[in-house]
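Hi,

Here is the structure I promised you. Have a look, and then read on for what turned up.

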Amino acid sequence: MSRVSIVRGGDIRARTEEAIRRVGGIGSVVKRGDKVFVKPNLVDGAPFITGEVTQLETIEVLIKESFDAGASEVIVGETPTYRRPTETIEKYRRLAEDTGAKFLELNNYPFVEVEVKNPRFFSTVRLSKPLLESDVFINVPTLKTHAQYGITVAIKNMYGLIPPEDRMFYHYTGRVEEAIIDLCKVKRADLIVVDGTYTTLHLGPRPIEDFRETHRLDLTIAGFDPVAIDAISARILGVEPSTIRYLRWAEEDGLGISDLSSVEVTGISLEEARFGKAIGIAEYVNSRMNDFKIANFGACTGCLQLMMNLVHFLRFSGLSKRSLKPSKIICVVGPKARADEIKGMLDEGCVILLCGYCTAPTFYNGLKGHFVPGCPPSPEELQLKIKEIYGF
Ligand code: SF4
């Protein structure tokens with residue numbers, strides 16, 4: 001049985017210490033002389049109040065506790081996506097200097113190609129050399145929903161340990177979910193501490209005024225099982241864990257447990273921690289686009305990431321700016337879609353796109369529209385269908 005602690009409190013240091021203590025303390029993973037590698041989530045070095053980056057106090061506790069347990073070296077490492085170090089990154093540097101740790105921007109150090117045993121997709125992956133040379137790996141993600149992958153917490157935080165060009169490659173080939181599972185197989189975290197001071201919807205780098213979905217939660221979640229931690233995080237945020245494809249794959253591949261009835265929770269209960277209002281991709285798109293709406297009926301991240309892809313296609317192709325007939329597309333996704341459920345969304349002249357095998361028209365669901373097969377459909381097929389609808 002996996003054990004996960006959930007602690008709530010406004011004092012980040014006290015809350016982090018308590019969450020670690022409840023799963024056995026840092027001494028259960030760090031031994032005298034160990035080299036400890038700590039991986040925060042720093043993405044583009046956004047300000048702390050955006051909820052995008054791991055709060056400094058969480059990292060401070062981990063550095064201090066690791067040295068107290070006898071660590072010979074503590075490295076705080078991240079592959080940055082910022083062009084120039086921001087104030088947040090300077091604060092990280094100063095923290096490392098003040099505490100005797102090292103702060104490494106990992107793209108200045110080598111990456112090593114490692115074989116993946118029983119790969120989900122990639123037979124080899126490249127990972128940071130300083131990470132692979134460490135004795136103890138502590139993964140310290142934030143608690144965020146993600147526009148394409150449902151959430152970005154423990155498993156997705158592995159993405160910051162690979163070369164920037166590999167990140168681009170996985171994104172462009174649509175294999176991010178496969179890649180993060182294979183990365184977890186190569187290097188498993190010895191301890192995971194989720195900084196849930198805030199939650200936000202991660203959409204990639206964007207201006208500070210666009211972090212409108214940031215909410216303060218004052219939570220820390222700690223444990224050892226990345227699947228259980230991600231499943232609990234999803235439940236807290238209001239994302240159904242079974243809709244996250246990579247969690248299902250991670251469990252099938254033996255990386256952990258997503259069935260929450262088999263997870264022992266210590267601290268506050270899951271119900272007490274539950275926020276449930278984190279915004280997902282369908283709500284985000286529907287609140288910002290007039291001519292394209294997503295009708296989500298329990299779709300998994302396979303089809304949901306395609307929706308984001310489609311939004312980019314509509315914007316960059318200029319289609320969303322032209323006055324076209326039909327004037328509105330409703331894209332239906334998910335296994336629970338039924339004709340009577342979407343009736344209220346239909347305007348005159350709108351067109352229905354049925355995306356993926358889950359929405360295949362049958363006598364039982366009564367769905368009618370332009371069906372794009374696949375599980376999920378390929379982005380190219382979806383784009384072709386849109387061009388066909390508009391007669392391009
Ligand atoms: S069609 Fe496949 S990818 Fe799309 S929601 Fe259904 S199961 Fe997920």
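Let's start with the ligand: the shell around it has nine nonpolar, three polar and no charged residues. (Ala, Val, Leu, Ile, Met, Phe, Trp, Tyr, Cys and Pro count as nonpolar, Asp, Glu, Lys and Arg as charged, and the others, Gly among them, as polar.) Among the residues surrounding the ligand are Cys300, Cys303, Cys358 and Cys375; being near means a C-beta atom, placed from the backbone, within 6 Å.

Bear in mind that this is a predicted model, where local features need pLDDT of at least 70 and side-chain atom pairs count only at pLDDT 80 or more, while totals for chains, interfaces and linings use all residues. Residues are numbered from 1 along each chain as its sequence is written.

Next, the sheet. Eight strands form an open sheet with mixed pairing, in the order S4-S3-S2-S7-S10-S12-S1-S13. Strands are DSSP runs (E, at least two residues), as are helices (H or I, at least four), numbered from the N terminus; two strands pair if DSSP finds at least two bridges between them. The edge strands are S4 (102-105) and S13 (263-267), each pairing on one side only.

Finally, the helices. H2 (residues 56-68) packs against H3 (residues 87-99) at about 20°, with the axes 11 Å apart. Axes are lines fitted to C-alpha atoms, for helices over the stretch in contact, and angles run from 0 to 180 degrees between N-to-C directions. That makes H2 roughly parallel to H3 (the cut-off is under 35 degrees). The residues of this contact divide into five nonpolar, one polar and three charged.

Cheers

Methods. Angles under 35 degrees count as roughly parallel, over 145 as roughly antiparallel, 65 to 115 as roughly perpendicular and the rest as oblique.
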